[in-house]
Structure formats: C-alpha cells, structure tokens
Amino acid sequence: MALPFTAETLLAAQDIRVAFFDVDGVLTDGGIYFSEHGETLKRFSILDGYGLKLLRLAGITPAVITGRDSKPLRLRLQALGIEHVRYGTEDKLPAAQAMLALLGFEWTQAAAIGDDWPDLPVLTRVAFAAAPANAHAEVRAVAHHVTSARGGEGAAREFCDLLLTAGGHYRRLLDIARGPAA
C-alpha cells in the first residue's frame, strides 16, 4: 500500500461510520467563480468525488454541511449520490448533530474535514478531524491529520483514503478496482 498514514492516525480514525465534509475549500479550491450572467461556477476534483463514492461502498456515510448553496453544487452532490446534505448553514454544529441523530450515530463514530472557522465547532467535536493543507492555521491546529493535498485538489480523497485504510476497507476496494488477476 502506498499511503503514508501513521499507526497513531489510523487508530484514531478506526471506528468512523459517518464523515462530514465542508465544500468551499475542501471539495473545491475555495474560489468562487461568477459567469458574466452572475452564475456561480465551481471546480470539483474527480479524485475527491471517487473517494466519496468509495466511502459509501465501505459503509461509511458521507455527509455534507456547507454555508453556501448553488445549482452546480447540488448537481455535483446528486451525481455522487450524496444523500445527507445541509445547504446554506453557517451554524454547522446543530446540522451535524441532527444528521447524527437521523443516522443513529454518535460523535465517537464521526469524522470531519473542514478548512475555516465555521468548521471548528464540528471539527472539535468529532472523533477524528482533518484539514486540507491550505486550511486556516486555527483549523490545522485542531486537526488530527492535515492532508498533503490542498482543498479541491485531492484533500478530500486523501481523507477518504485514510478513513478507508483505518476501517480496513482500502485493500478490498483496491483489489476490486484492479479486477481479477490474470
């Protein structure tokens, strides 16, 4: 396996059943692009999207809590099959608590990745917190793991790979992706 996670990090993320994701700065590069008609445009990483799909295959529920709402975001999350989403939410802790209650999970079974101050209440409550390499210093300071990748450039995938490895799912899913041995 080519992933460089420490044993301590993997142990801390071992029992995760739900993973919370911020959008801007995590699933995107944090930039907000506007077309000449005022439409919001976003750039998403295919690597990150596939990581979210792999979490679902492993039985880890991906959930998104974001302060913004846009048609491109809704289309992307729908295409990824993400069912648990809260849009336009600046106060993320109650949204995460409501999702946990709905799913029947505890904070001890939850992980999160975020990049800025609005994510701190959730990051400091979950069992395992992560931050992209370009997250704000206060967020990096509370994270159990800071990704080597930047937001929108594979940070979410690295987080997903870490959770898959810690939960013992990574090798099985990789073997499936490789296909039958010749």
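**A note before the views.** Two strands count as paired if DSSP finds at least two bridges between them, and the bridge partners named below come from a predicted model.

View 1. Six strands make up an open sheet, and in the order E5-E4-E1-E6-E7-E8 their pairing is parallel. At the edges stand strand E5 (84-86) and strand E8 (145-146), each of which pairs on one side only. In general, the strands of a sheet pair through backbone hydrogen bonds, either parallel or antiparallel.

**View 2. Strand E1 between E4 and E6.** Strand E1 (residues 18-21) runs parallel to strand E4 (residues 61-65), and four bridges join the two; on this side Phe21 stands opposite Val64 in E4. Four bridges also join E1 to E6, again with the strands running parallel, and here the bridge partner of Phe20 is Ala112 in E6.

**View 3. The side chains of strand E1.** Val18 and Phe20 point one way from E1, whereas Ala19 and Phe21 point the other way. Which of these residues are buried? All of them are, whichever way they point from the strand.

**View 4. Helix H4 across the strands.** Helix H4 (residues 92-103) lies across E1, E4, E5 and strand E6 (110-113), and the helix runs at about 150° to E4.

Methods
Residues are numbered from 1 along each chain as its sequence is written. This is a predicted model: local features need pLDDT of at least 70, side-chain atom pairs count only at pLDDT 80 or more; totals for chains, interfaces and linings use all residues. Side-chain values use heavy atoms; hydrogens and water are left out. Contact means heavy atoms within 4.5 Å. Axes are lines fitted to C-alpha atoms, for helices over the stretch in contact, and angles run from 0 to 180 degrees between N-to-C directions. Buried means under 20% relative accessible area, exposed over 50%, partly exposed in between (1.4 Å probe, protein chains only).
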